[in-house]
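Let's take a friendly walk through a protein model. Have a look at the picture first, then read on.

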Amino acid sequence: MKLKNILIVVRDIERSRKYYHDLFGLELVVDNDGNMILTDGLVLQAESYWKDFLRRDVTWKNNSCELYFEETDIEGFIEKLESMYPETEYVDRLRTHSWGQKVIRFYDPDGNLIEVGTPVK
């Protein structure tokens, strides 16, 4: 058995597709009307479909998990993030951990937590 995908719930699937493409270069692989599979295994699920499947409300911004990306030019990434999405809500601005890794944490437009860090050596 292997982990195939990570699915996140979003309010506006097209806005989220554009967001993950703009910032992380993820491309659309499959569009199943309310469910989009992007490269690198990220799946976007429209809120209405998710609620139908689970028969429960979505708990937004629950901080129970995060999407983690690595970027060698983290300062350049931050410039891109701030210019393209100035309304971004941050959890942590750029900081350096004791082991030398630089990281930033923020929410996507739907409150899914994202961390971008430099590769750990």
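## Rings and charges

Tyr19, Tyr20, Phe24, Phe69, Phe77, Tyr85, Tyr90 and Phe106 gather into one aromatic cluster. Rings of Phe, Tyr and Trp (its six-membered ring) pair if their centres lie within 6.5 Å; planes under 30 degrees apart count as stacked, over 60 as edge-to-face and the rest as tilted. There are 7 aromatic pairs in the structure.

This is a predicted model, where local features need pLDDT of at least 70 and side-chain atom pairs count only at pLDDT 80 or more, while totals for chains, interfaces and linings use all residues. Residues are numbered from 1 along each chain as its sequence is written, and side-chain values use heavy atoms, with hydrogens and water left out.

Which ring does the charged end of Arg93 sit over? That of Tyr90, 3.7 Å from its centre. Likewise, the charged end of Arg11 sits over the ring of Trp60, 3.9 Å from the ring's centre. (To count, NZ of Lys or CZ of Arg must be within 6 Å of the ring centre and within 35 degrees of the ring normal.)

## One sheet

Helices (H or I, at least four residues) and strands (E, at least two) are DSSP runs, numbered from the N terminus. Two strands pair if DSSP finds at least two bridges between them. An open sheet of 4 strands has the order E1-E4-E3-E2, with mixed pairing. Its edge strands are E1 (6–10) and E2 (28–31), each pairing on one side only.

E2 and E3 (residues 35–38) run antiparallel, joined by 3 bridges. Leu28 stands opposite Leu38 in E3.

## Another sheet

Another open sheet has 4 strands in the order E5-E8-E7-E6, and the pairing is mixed here. E5 and E6 (90–96) stand at the edges with a single partner strand each, so one side of each has no neighbour in the sheet.

E5 and E8 (residues 113–117) run parallel, with 5 bridges between them. Tyr68 has Glu115 in E8 as its bridge partner.

## The largest pocket

The largest pocket has a volume of about 400 Å³. Of its 23 lining residues, the closest to the centre are Val9, Thr59, Asn62, Cys65 and Asn112. E1 gives the largest share of the lining, 4 residues.

A pocket is an open set of points on a 1 Å grid over the protein atoms alone, where a 1.4 Å probe fits, with protein on both sides within 12 Å along at least five of seven lines; lining residues have an atom within 4 Å of a point. Points are joined across faces, edges and corners, and a volume is the space filled by probe spheres set on them.
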